There are 4 protein chains.
Amino acid sequence: MAKIPVAILGATGAVGQRLVSILFNHPWFEPVALCASERSAGKPYGQATRWILPDPMPVRAAAMRVRGCAPFPDPAIVFSALDAEAAMDIEEDWAKRGRLVVSNARCHRMRDDVPLVVPELNADHLRLALRQPYPDGGAIVTNPNCSTIGLVLALKPLDDAFGLESVNVVTLQAASGAGYPGVPFMDLIDNALPYIHGEEEKLEAEPLKILGRLSADGSRVENASFGVSAACHRVAVTDGHLEAVSVAFKRPADKSAIMRAWLDAPVDTDGLDLPSAPKHPVVYADGLDRPQPRFDKAAGNGMSATMGRLRPCPILGWKFELLSHNTIRGAAGGTVLLAELCVAKGLVRGFSPAGIAERAPCGEPRREPEPALA
Amino acid sequence: MAKIPVAILGATGAVGQRLVSILFNHPWFEPVALCASERSAGKPYGQATRWILPDPMPVRAAAMRVRGCAPFPDPAIVFSALDAEAAMDIEEDWAKRGRLVVSNARCHRMRDDVPLVVPELNADHLRLALRQPYPDGGAIVTNPNCSTIGLVLALKPLDDAFGLESVNVVTLQAASGAGYPGVPFMDLIDNALPYIHGEEEKLEAEPLKILGRLSADGSRVENASFGVSAACHRVAVTDGHLEAVSVAFKRPADKSAIMRAWLDAPVDTDGLDLPSAPKHPVVYADGLDRPQPRFDKAAGNGMSATMGRLRPCPILGWKFELLSHNTIRGAAGGTVLLAELCVAKGLVRGFSPAGIAERAPCGEPRREPEPALA
Amino acid sequence: MAKIPVAILGATGAVGQRLVSILFNHPWFEPVALCASERSAGKPYGQATRWILPDPMPVRAAAMRVRGCAPFPDPAIVFSALDAEAAMDIEEDWAKRGRLVVSNARCHRMRDDVPLVVPELNADHLRLALRQPYPDGGAIVTNPNCSTIGLVLALKPLDDAFGLESVNVVTLQAASGAGYPGVPFMDLIDNALPYIHGEEEKLEAEPLKILGRLSADGSRVENASFGVSAACHRVAVTDGHLEAVSVAFKRPADKSAIMRAWLDAPVDTDGLDLPSAPKHPVVYADGLDRPQPRFDKAAGNGMSATMGRLRPCPILGWKFELLSHNTIRGAAGGTVLLAELCVAKGLVRGFSPAGIAERAPCGEPRREPEPALA
Amino acid sequence: MAKIPVAILGATGAVGQRLVSILFNHPWFEPVALCASERSAGKPYGQATRWILPDPMPVRAAAMRVRGCAPFPDPAIVFSALDAEAAMDIEEDWAKRGRLVVSNARCHRMRDDVPLVVPELNADHLRLALRQPYPDGGAIVTNPNCSTIGLVLALKPLDDAFGLESVNVVTLQAASGAGYPGVPFMDLIDNALPYIHGEEEKLEAEPLKILGRLSADGSRVENASFGVSAACHRVAVTDGHLEAVSVAFKRPADKSAIMRAWLDAPVDTDGLDLPSAPKHPVVYADGLDRPQPRFDKAAGNGMSATMGRLRPCPILGWKFELLSHNTIRGAAGGTVLLAELCVAKGLVRGFSPAGIAERAPCGEPRREPEPALA
């Protein structure tokens with residue numbers, strides 16, 4: 001079966017490597033280009049990259065010659081794992097060339113016409129993309145910050161069921177969230193850091209957009225109005241963000257109702273058969289001392305957020321702990337799931353889940369009348 | 001100069017070792033007995049103990065023969081680093097023999113007639129001890145839990161200045177808080193644990209007693225009435241508890257007023273010249289990413305709590321980070337400071353700071369009319 | 001297909017858990033009993049065990065009720081993950097009842113009539129078991145120490161090709177080698193320990209038996225005669241023993257000949273189709289800074305030893321680094337592979353790889369005339 | 001008392017910070033300039049530096065404005081903590097201006113006319129410096145690599161007593177040896193690395209020069225002739241290099257003779273009263289599991305090397321473990337001690353230990369006829 005040709009921007013970095021690892025074994029997508037800075041361009045990916053994942057580098061990736069990040073015709077979807085600075089212009093350049101950019105960078109997330117999407121929660125926000133000023137179906141869609149994703153997976157069902165009033169979240173975040181080389185060993189061994197640059201701002205802002213409501217005409221998102229306070233820490237963990245969350249609700253809740261909200265609520269990806277969608281976006285770990293990075297980061301192949309220790313909070317009402325894998329669900333895996341959603345929703349011209357086999361050959365003009373979600 | 005003879009209960013454990021390290025170099029106290037379980041009794045301390053501190057074991061301690069924990073006449077003060085289970089009866093046995101027990105164990109802390117004291121904050125609570133049913137000046141006084149001490153050092157000045165309404169605290173606690181051997185390496189390396197047995201309960205209860213008011217007749221403490229919510233975590237750090245704190249005040253506050261409250265407020269130990277009292281019980285670290293265990297645990301020889309990152313909280317009003325050394329200020333050092341306060345307040349019959357030189361020889365009948373604080 | 005009924009002794013410990021994890025998904029073996037100390041006996045395994053593996057506990061294991069370690073009729077093979085002290089008598093008790101004991105404990109390894117076997121290297125040593133004084137095919141066979149296995153996988157092909165004269169090995173061993181709870185966090189974080197009790201002795205003795213020659217009559221092993229010097233360290237790693245090895249040969253060698261010896265030499269498990277046998281017992285990692293626990297411990301599903309950095313040694317001739325997974329190849333996985341070899345060699349009465357389906361029902365008298373290897 | 005004006009090159013780096021920490025509290029030396037790359041030049045040191053030491057930055061250092069590394073008149077001694085690449089020319093530039101450069105960089109160490117000195121061991125090698133082609137007493141003297149220093153402190157007394165034939169050393173080196181930021185957290189947590197770039201070469205070459213003999217005319221060093229084989233590893237430790245050493249001697253040795261050689265042998269710094277000289281360059285830790293970074297790195301204020309576990313080696317004869325602090329004795333502290341030796345030996349024109357008080361004012365022409373050691 002023919003697949004959708006994709007490129008990976010920032011392919012040599014920490015998130016880029018996760019994308020490579022996922023996309024070279026993906027049923028829908030076919031990496032046709034690995035792009036990085038000019039310094040790496042021209043080298044085989046296997047030489048240009050200091051591979052940091054425990055699983056070995058895909059053999060086909062190793063042999064592929066790295067390209068620069070400027071647009072070229074081949075890919076239909078461009079996955080961006082670029083730094084925010086680099087991403088700002090490059091992602092737009094690709095959108096202007098009619099490509100769908102699925103980005104993990106923060107720079108376009110809060111733009112009014114850019115959807116910030118967690119596929120299970122606010123798939124309808126993708127309609128924003130139709131308002132973007134790019135030709136030929138070009139668009140930018142974005143994935144939230146790694147510490148935001150786990151949090152909103154927990155919060156959305158609670159907001160739907162009980163109405164969120166306020167949220168206090170204190171994070172214990174893994175080192176891989178800082179990329180590679182990232183945090184020096186000497187800074188974090190036998191230590192903990194009470195600060196991550198820009199993180200609290202993102203964590204206090206992004207949930208309000210994701211849990212906001214799309215206006216009737218699909219032109220903008222009205223932010224949710226609950227309050228969020230975040231305190232972010234880096235701890236001596238490789239992968240897996242742990243978050244201590246307290247919530248105040250507008251309506252009464254009890255433990256079993258909260259559990260039902262998490263475990264039984266329908267999600268926007270139900271019925272879409274997206275390859276990366278976890279069976280359960282939210283799971284609950286029963287042990288007294290769970291969730292933990294060691295045991296729970298791999299839940300749902302790294303795509304589920306694990307809740308635990310749900311208990312009353314003397315101040316806000318309820319509190320719990322949550323864990324999610326920051327470079328899978330919180331970055332590369334989340335981005336891939338979002339791209340799958342875009343395909344399912346008809347945002348990638350010429351491709352649909354059903355029609356991947358009959359698509360126009362890579363590089364040819366693509367002509368699809370209108371995305372299904374318009 | 002003659003010193004006050006003291007014994008250390010639980011001397012071979014993690015907190016006991018810190019006590020040994022401090023007390024063998026103390027200007028007022030002279031360890032005359034190192035006590036531990038019957039298994040260790042009779043052996044030289046140097047053989048019975050798996051020493052875990054970076055500083056070498058005091059030479060005199062190494063040669064001392066370990067005794068059991070049952071009372072004997074020599075010491076005037078007994079420092080208890082026993083587990084709560086063992087401490088319950090043994091501490092009372094010593095008090096019944098007319099000794100002052102200064103305890104780090106949790107078992108008697110919440111008893112109505114037992115003072116739970118941080119010397120800088122609520123020295124007046126020591127008067128409770130006069131109500132205890134022990135003869136000859138015997139008494140039990142207690143030091144709070146390791147995660148409580150740093151917190152109340154931060155909260156008391158704020159309560160005095162602005163009136164506390166509620167407090168949310170999320171901890172990142174060091175492994176040494178679990179004693180030795182404590183947490184297995186495999187449980188904590190590359191991991192974080194969202195649970196410490198009994199810790200949240202202590203952290204939600206003890207501050208209310210410490211910041212409570214002694215009734216006019218000195219017979220009991222009326223607990224403070226603000227709310228506390230705690231979520232406790234173990235992180236991969238040897239020493240130094242980091243806490244993310246949010247507070248709501250009854251009266252308006254601004255950043256400079258909060259800083260003044262922390263740094264300028266008088267404390268109960270002012271003017272007492274206690275050897276272990278830090279010059280500043282509260283210090284403030286200016287760096288964006290401070291306080292950290294690595295840099296700040298040793299502030300004030302491990303006896304100061306370090307604040308940092310004071311900033312507005314969208315939910316409760318203000319938030320900040322704090323760090324304190326859990327086995328020095330939070331255990332052994334705090335216990336020693338409390339014993340010094342007891343001496344200064346006349347609770348140790350026959351001894352006063354001024355009169356340490358003229359005290360009756362160790363073991364003789366001690367006859368001091370009335371404690372000064374009565 | 002019916003499987004061979006097996007029991008696991010010491011099933012709640014660190015190695016026992018690995019055995020549970022492997023054996024509940026094994027094509028030949030069916031765990032019919034999980035045995036542990038009397039303290040655990042009677043409880044469901046899921047309650048009696050503090051599970052420490054990242055992969056979840058098998059559901060069927062969790063529900064199984066733990067038994068004591070005294071013999072009972074059901075199992076045909078008994079896997080022992082007991083401590084040496086407990087293993088000494090219990091393993092013999094099982095052998096006296098006619099069972100095959102496949103043991104990871106050290107206590108019987110050096111007995112003249114007990115084979116100490118790495119299946120790829122000295123399968124013929126199993127004949128020793130026929131000399132054991134147990135009825136009904138009862139026997140004890142043993143797996144080497146965790147740091148020995150990787151080393152002999154590297155040394156045997158070199159001894160065959162060039163004749164070993166002397167071996168110097170310095171280990172950097174993982175914490176899981178000490179079992180659970182094992183090493184306290186405080187002892188190993190930001191530290192390294194230059195001593196592991198009894199380890200150097202084992203590492204200097206076991207290779208000589210494993211690489212020794214079975215006498216013509218199969219009654220004993222003549223130890224190999226090269227010298228071994230070991231220095232053992234514990235480092236802050238969960239799984240994966242790294243070893244720095246220098247070797248002197250009797251005959252000339254060059255790099256490509258050594259590589260061929262490692263990668264091309266036939267092994268005793270060739271053609272046996274043992275389910276746990278790695279495709280390549282020895283692999284070579286090309287990177288300048290390999291092998292590493294992080295990247296190489298999982299080679300061959302944790303059953304391959306990874307070599308790297310082969311280079312001349314100014315003192316002994318050649319030196320290299322090797323890594324093997326200490327709780328898989330070095331313990332549980334190695335034990336299971338050894339049991340598979342015993343089945344293939346006819347040491348388990350009533351069972352053969354071909355005939356697993358037609359075996360006598362569990363618990364019935366087993367009557368197989370003579371093992372094939374006799 | 002007036003002190004000798006000194007500059008620190010590379011003052012913002014990891015070793016530079018240790019130098020700052022030591023030299024701002026030194027009885028002989030007065031830092032008059034902190035030099036770094038042009039990027040930092042002009043900024044206050046407190047701003048230009050990401051301080052990584054637990055002890056606070058000296059207040060006077062914080063306020064000092066950073067200068068570039070090109071020569072200027074003020075300092076009499078220049079401490080170089082530059083990278084080898086930068087050091088090559090800059091150190092010569094300073095020597096050409098008549099300054100004594102005491103360098104921790106590797107680039108000039110193996111030059112025939114450059115002394116490579118451990119003050120206790122080969123102080124006489126300083127005479128080489130008189131042959132250097134620099135005017136006005138300018139010279140370059142060098143400190144060995146961090147893993148070499150501990151090793152040669154152990155080897156020299158053994159060579160003197162028993163005659164070294166060969167040495168096998170396997171290191172477990174701390175992360176701080178790679179400077180700052182150095183090793184990424186993700187590379188080393190729960191891991192060990194069997195390779196450090198260039199380290200084995202240095203460790204196999206430098207001891208031969210240090211333990212070599214100065215020719216009669218003082219013009220060159222005849223290298224020692226024993227063989228050295230090194231295998232170097234990075235482990236998850238902040239400070240403190242641990243080394244497993246095996247040695248073959250020419251003459252018979254026994255345990256007590258080796259201990260006497262280490263502990264009683266005279267050293268070249270005896271009687272010189274150098275402020276940084278440890279009382280015992282070599283100490284022996286008795287514990288079964290010593291030396292360890294945690295307990296032993298601070299021996300002799302970080303200037304002593306600690307031996308332990310001396311025992312027979314079946315291959316080479318004897319083996320032991322050693323530990324030394326890699327950024328104190330192995331870098332900054334060793335450099336300072338070397339500078340003190342140079343002063344004591346009259347290599348710094350115009351200054352002698354006795355005459356530090358009467359020295360010519362800083363910046364004036366310095367005119368001392370001939371160094372005492374010529």
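In the predicted model, chain B is superposed on chain C by a rotation of 180 degrees with 0.0 Å of shift along the axis, at an RMSD of 0.0 Å. The two copies are therefore related as by a two-fold rotation axis. Within chain B, the C-alpha nearest this axis belongs to B:Phe185, at 1.8 Å from it.

The contact between these two copies involves 14 residues of chain B and 14 residues of chain C. On the side of chain B that touches chain C, 11 residues are nonpolar and three are polar, and no charged residue is present. Of the interface residues of chain B, 100% are also interface residues in chain C, so the copies meet through the same surface.

Chain B is also in contact with chain A, and here 36 residues of chain B meet 36 residues of chain A. Several elements of chain B give two or more residues each to the side that touches chain A: strand 6 (164-173), strand 9 (227-234), strand 10 (241-249), helix 10 (293-296), strand 12 (305-313) and strand 13 (317-324). Among these elements, strand 9 of chain B gives the most, with five residues. By residue class, the side of chain B that touches chain A comprises 19 nonpolar, 10 polar and seven charged residues.

Within chain A, two domains are assigned. Domain 1 is made up of two segments, 4-143 and 329-358, while domain 2 spans 146-326. The centres of domain 1 and domain 2 of chain A, taken over C-alpha atoms, are separated by 24 Å. Contact between the domains involves 32 residues of domain 1 of chain A and 35 residues of domain 2 of chain A. On the side of domain 1 that touches domain 2, helix 5 (119-122) and helix 11 (328-344) of chain A each supply at least two residues. Helix 11 of chain A accounts for the largest share of that side, with 10 residues. The residues of the side of domain 1 of chain A that touches domain 2 of chain A fall into 16 nonpolar, seven polar and nine charged.

Methods
Residues are numbered from 1 along each chain as its sequence is written. Chains are lettered from A and ligands numbered from 1 in the order in which they are written. This is a predicted model: local features need pLDDT of at least 70, side-chain atom pairs count only at pLDDT 80 or more; totals for chains, interfaces and linings use all residues. Two residues are in contact if their C-beta atoms, placed from the backbone, lie within 7 Å. Helices (H or I, at least four residues) and strands (E, at least two) are DSSP runs, numbered from the N terminus. Ala, Val, Leu, Ile, Met, Phe, Trp, Tyr, Cys and Pro count as nonpolar, Asp, Glu, Lys and Arg as charged, and the others, Gly among them, as polar. Domain bounds come from an automatic or database domain assignment. Copies are superposed by least squares on the C-alpha atoms of residues with pLDDT of at least 70 in both.
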